[in-house]
Amino acid sequence: MNRPLLITLLGLLVTASSAADVPFRPEAGKFPPLEKAHSYRGELVFVDHANRRGSLRVQGTGTFRRNDPHPFALLPYGQVRYHGAPADLRDIPLGTVLHVRAYLPPDPKISAVPVLPINNKEKDADHNRGAGIAPAENHVLLLEDEPSHCLREGLVWKLKELDLKNNAGLIVASREPKEGVGAEGKANEENLTFDAATRIWRGRECLSFADLITEGIWPASGKKTLGGQAVLLGITWKPTPGGVFTRFHISDIWLDDTAMQRSSHLQAEAHKAFIRSRWMPAWVDAVEYGKFGRATVTATLFGGADPAIYADFKKGISAFVNGVENTLKHTEGGTAGPTQLASRGELLEVTASSDDIPLGSSGIQIRFETDLITEGIRPTRVIRIRPADWPDVHIPREEYLDSGKFKHEDRFPTPVIFPEY
């Protein structure tokens, strides 16, 4: 290969690599490309589920326990996955280690969490904490626990050895492709703790390591070689004795596909009930205005829900549509309930895209005709929609805003939400 061509190719590779590292800011009405998201992982230490935000202790290169909780906010179309199934933030226990794909705030003026300098992930924090623990990319497209991450990426944990003593122990394991070690070479081994509270799932059984000792599978104490047994792990973090900087803890071990599928099924059922009570989120692609408040609305349903949810959207059914805030809080109805002031009408079309569907989108577009268009239903705005046969329930106070009385500055809880005693 001649030198000028080689230099050109190298330049293209550097440019492509640099482009992937450039902080990306999503635009209203467009689902951002997953490949432009910044990836990190950390321990969930705080959740404000009603406002779809929380804080993570992000893993860096330094002492994990010293890292300050780092706030994040879910994008309106941001997806949460727990045990390999759709979830809400309220479903995830504190302490769970989560994988994150995130971007810069789409609109810094109304960000639900602090807006940081764009290069913040490159700064080296003090007190042995290292770089990368407070990225400016704090608006999340995908938040998933360890088994969800492994299922999506085709990975498993391979158990190499355990050492059991005084009702607790260490497992040596590596996360690697299900079919074997990848092209990058030998997977890195990690030391993970477990204890008497670690749940072990086998088929339809929930076991403890004491049960495995009784069955003669694990020793009562000492070491045992596990031979690269492939499992899925739930991972959390607990304070570790002995001055270890970063060591994670096993909350769950799924020994087989049946066990994992059962956990996924139960979580999916919980999320289906949640969505049917809070309505399906979407955003408005276009509005064709008629006379006297009539309009035809085209909208794209957000992704991340169970297929059974999308199957409920059928041509010809009656439905209700409500404007919502970027936190997905209802902005119409207030104490009267979201149905009372919602736009209502018929689904004229329900179409599923055959193209590559970006994460965040379901690929399903609906056209909805109503004789009462409301202010919150405008192009690029976020809405919630429910088929008329979904439950008509009143949502709790923290999940809606008073109709017409709110400002962006008032979206999130302050001390005034508490009663005076």
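This is a predicted model: local features need pLDDT of at least 70, side-chain atom pairs count only at pLDDT 80 or more; totals for chains, interfaces and linings use all residues.

Trainee: OK, which strands close into a barrel, and in what order?

Mentor: Six of them, in the order S16-S17-S20-S19-S18-S21, with antiparallel pairing. From one strand to the next the twist averages 45°. Such angles run from 0 to 180 degrees between N-to-C directions, with axes as lines fitted to C-alpha atoms. Strands here are DSSP runs (E, at least two residues), helices are runs of H or I of at least four, and both are numbered from the N terminus. Two strands pair if DSSP finds at least two bridges between them.

Trainee: How many bridges join S16 to S17?

Mentor: Seven, between S16 (residues 280-289) and S17 (residues 295-302). Ala-282 has Leu-301 in S17 as its bridge partner, and Tyr-289 stands opposite Ala-295.

Trainee: And S17 to S20, how many there?

Mentor: Seven bridges again, with the two strands antiparallel.

Trainee: Is S17 enclosed or open to solvent, by residue count?

Mentor: Eight of its eight residues are buried, so S17 is largely enclosed by the rest of the structure. Buried means under 20% relative accessible area, exposed over 50%, and partly exposed in between (1.4 Å probe, protein chains only).

Trainee: Switching to loops. Where is Phe-292 found?

Mentor: In the loop between S16 and S17. That hairpin has five residues between the strands, and Phe-292 takes a positive phi near 55° in it. Phe-292 is exposed, at a relative accessible area of 80%.

Trainee: And Trp-279, buried or exposed?

Mentor: Trp-279 is buried, with a relative accessible area of 1%. Its phi is near 85°, also positive in a residue other than glycine. Trp-279 sits in the loop between helix H4 (257-278) and S16.

Trainee: What is Phe-313 in contact with?

Mentor: Leaving aside neighbours within four places in sequence, Phe-313 is in contact with Met-280, Leu-301, Leu-347, Val-350, Ile-385, Pro-387 and Trp-390. Contact means heavy atoms within 4.5 Å.

Trainee: Charges next. How many salt bridges does a search of the whole structure find?

Mentor: It finds 27. The criterion is a side-chain nitrogen of Lys or Arg within 4 Å of a carboxyl oxygen of Asp or Glu. One joins Glu-146 and Arg-41, at 3.9 Å from N to O. Glu-146 lies in helix H2 (residues 146-153) and Arg-41 in strand S1 (residues 38-48), so this pair ties together parts that are 105 residues apart in sequence.

Trainee: Are those two buried or exposed?

Mentor: Glu-146 is buried at 1% relative accessible area, and Arg-41 is buried at 12%.

Trainee: What about Asp-88, which residue does it form a salt bridge with?

Mentor: Arg-90, with the closest N and O atoms 2.8 Å apart. Asp-88 counts as buried at 7% relative accessibility, whereas Arg-90 counts as partly exposed at 33%.

Trainee: Last one, where does Gly-222 lie?

Mentor: In strand S14 (residues 222-236). Gly-222 is partly exposed, with a relative accessible area of 25%. Leaving aside neighbours within four places in sequence, Gly-222 is in contact with Leu-162, Asp-163 and Leu-164. Gly-169 is 53 residues from Gly-222 in sequence and 9.1 Å away in space, C-alpha to C-alpha.

Key: Residues are numbered from 1 along each chain as its sequence is written. Side-chain values use heavy atoms; hydrogens and water are left out.
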